[in-house]
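User: Could you please take me through this structure? I would like to ask about a few parts of it.

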Amino acid sequence: MAELTALESLLEMGFPKGRAEKALALTGNQGIEAAMDWLMEHEDDPDVDEPLATPLGHILGREPTPTEQGSGSAVGESKPILTEEERQEQTKRMLELVAQKQREREEREEREALERERQRRRQGQELSAARQRLQEDEMRRAAEERRKEKAEELAARQRVREKIERDKAERAKKYGGHVGSQPCPPTTEPGPVPSSPSKEPPTKREYDQCRIQVRLPDGSSLTQTFRAREQLAAVRLYVELHRGEELGGGQDPVQLLSGFPRRAFSEADMERPLQELGLVPSAVLIVAKKCPG
């Protein structure tokens, strides 16, 4: 019985003939261990059982014939003969080698599986971190938008206040400059007129000063002296300048009412002098409450 060739050893270990021949050919017929490495590595390839397109070298799995060996080979030369025990021992070694290769492959696959799991966890952590960064970026953008809107709102309020101040300044300039800023001198009433012997009716007293008390919606009041010839608009301007923010000071002119008789002064009345409106020498005016909404 001749010594087992590499092809026969592979067939003894249960490898298909086509795969064994292909493994030997693709590894350059470098021995059974190299062929086994190739078979273990490529056993799951879809084309592992496809034959090679062209033969590589001599016929795989046996030694070249004398013709294939050429002139340097002796015809009839034979190999040492193995006993049955030696053959079984060689097959046993081959099977142990296959088992070792299988264990090495399983260990390699286990390491690769662990590495894939680590990569999967790392990718999951990176994805979670990226999602968290995205949420933080969205929160920062939302906060920035709120800050921007707040700044725009404050700027708009500032523009409104500046416009109100300009309007007040223009009305103050139109109706006598610093109305109400300086108290008017106390009224000097003329002394009693002696009655004439003929007992003529007393002359109607003329007043050039007017003391106005304005009652605000919160129950407080403002008191100021004006000239009798000043327009009612001067009183309204004084109230707007002194009523305070908590009383709604701001954009719209106040509405003035007389207490008795009850009368609501119109915009046309604002251009009329106080003495023409019957508010001399003193009067009490009421600031009308604004309707809600």
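This is a predicted model: local features need pLDDT of at least 70, side-chain atom pairs count only at pLDDT 80 or more; totals for chains, interfaces and linings use all residues.

User: Where is T27 found?

Analyst: T27 lies in the loop between helix 2 (17-26) and helix 3 (32-42).

User: Is T27 buried or exposed?

Analyst: T27 counts as buried because its relative accessible area is 12%, and the cut-off for buried is under 20%.

User: And what does T27 touch?

Analyst: Not counting residues up to four places away in sequence, T27 touches A34, A35 and W38. Its side chain also reaches the backbone oxygen of L24 at 3.3 Å.

User: Now to helix 6: how many of its residues are buried?

Analyst: In helix 6 (residues 232-242), 9 of the 11 residues are buried. Among them are L232, V235, R236 and E240.

User: What covers them?

Analyst: The cover includes helix 5 (84-174), strand 1 (209-215), strand 2 (221-227), strand 3 (256-258) and strand 5 (282-287).

User: Which residues have the most contacts inside the largest nonpolar core?

Analyst: That core has 23 residues, and those with the most contacts inside it are I212, V214, L232, V235, L256, L279 and L285. Helix 6 gives the largest share, 6 residues.

User: What is I212 in contact with?

Analyst: Leaving aside neighbours within four places in sequence, the contacts of I212 include L222, F226, V235, L279 and L285. There is also a second, separate core of 16 residues, which includes L7, L24, L39 and L97.

How values were computed:
Residues are numbered from 1 along each chain as its sequence is written. Side-chain values use heavy atoms; hydrogens and water are left out. Helices (H or I, at least four residues) and strands (E, at least two) are DSSP runs, numbered from the N terminus. Buried means under 20% relative accessible area, exposed over 50%, partly exposed in between (1.4 Å probe, protein chains only). A polar contact is a pair of N or O atoms within 3.5 Å; within protein, one must be able to donate a hydrogen and the other to accept it, and residues adjacent in sequence count only if both atoms are side-chain atoms. Contact means heavy atoms within 4.5 Å. A nonpolar core is a set of buried Ala, Val, Leu, Ile, Met, Phe, Trp, Tyr and Cys residues joined through side-chain atoms within 4.5 Å.
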